[in-house]
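Morning, everyone. I have one structure to walk through, so please have a look at it first.

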Amino acid sequence: MTDPVIAQKAPFGVDVEEGKSYWWCSCGLSAEQPFCDGSHKGTGLEPMKYSAENSATIYFCGCKNTKGSPLCDGTHSKL
């Protein structure tokens, strides 16, 4: 598998906590979107770690095609 599966054509808004780490699903197969549940095994794609510097609402990419991984950059609007 070289291309990720589009989980949804919109970002996932998530309230993150300062100092915590989150593992963003880059393959699109996880049932725990936008986070990794291990479904990527054997795909050649790996999850990406996001470390929250502040407590805030963060918009993780749902289409898995962002150039600003793991955050949404609006690419979904062109798919």
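What pattern does the protein follow, read along the sequence? The pattern is β-β-β-β. There are zero helices and four strands. Both are DSSP runs numbered from the N terminus: helices are H or I with at least four residues, strands are E with at least two.

Some ground rules. This is a predicted model, with local features needing pLDDT of at least 70 and side-chain atom pairs pLDDT 80 or more, while totals for chains, interfaces and linings use all residues. Residues are numbered from 1 along each chain as its sequence is written, and side-chain values use heavy atoms, leaving out hydrogens and water.

Overall dimensions next. The C-alpha atoms fill a box of roughly 35 × 30 × 20 Å along the principal axes. The radius of gyration is 12 Å, which agrees with the value near 12 Å for a compact globule of 79 residues. That radius is taken over C-alpha atoms, and the globule rule is 2.2 Å times the number of residues to the power 0.38.

How much of the protein is buried? Of the 79 residues, 35% count as buried. Buried means under 20% relative accessible area, exposed means over 50%, and partly exposed is in between, with a 1.4 Å probe and protein chains only. The accessible surface comes to about 4,700 Å², and carbon and sulfur atoms hold 48% of that. Those areas come from the Shrake-Rupley method with a 1.4 Å probe; for residues, only the protein chains shown count as cover.

Now contacts. Take those with a separation of 6 or more: 57% of them are between residues 24 or more positions apart. Contact here means heavy atoms within 4.5 Å.

On to the aromatics. A search of the whole structure finds three aromatic pairs. One of them joins Y50 and F60: edge-to-face, 5.4 Å centre to centre, 85° between the planes. Y50 sits in strand β3 (residues 48-51) and F60 in strand β4 (residues 56-60), so the pair links parts of the chain ten residues apart. For the cut-offs: rings of Phe, Tyr and Trp (its six-membered ring) pair if their centres lie within 6.5 Å; planes under 30 degrees apart are stacked, over 60 edge-to-face, the rest tilted. Are these two residues buried or exposed? Y50 is buried, at 15% relative accessible area. F60 is buried too, at 0%. Ring pairs link Y22, F35, Y50 and F60 into a cluster.

Next, strand β1. G13 lies in that strand, residues 12-16. G13 counts as exposed because its relative accessibility is 52%. Which residues does G13 touch, not counting those up to four places away in sequence? They are T57, I58 and Y59. From G13 to L79 is 66 residues in sequence and 19 Å in space, C-alpha to C-alpha.

Last, the backbone. Where are the cis peptide bonds? One runs from Q33 to P34, with omega near 5°. P34 is in the loop between β2 (21-24) and β3. Another joins S69 and P70, with omega about 5°. P70 lies in the segment after β4.

K64 is also found in the segment after β4. Phi of K64 is near 65°, a positive value in a residue other than glycine. K64 counts as buried because its relative accessibility is 7%.

That's my tour. Over to you.
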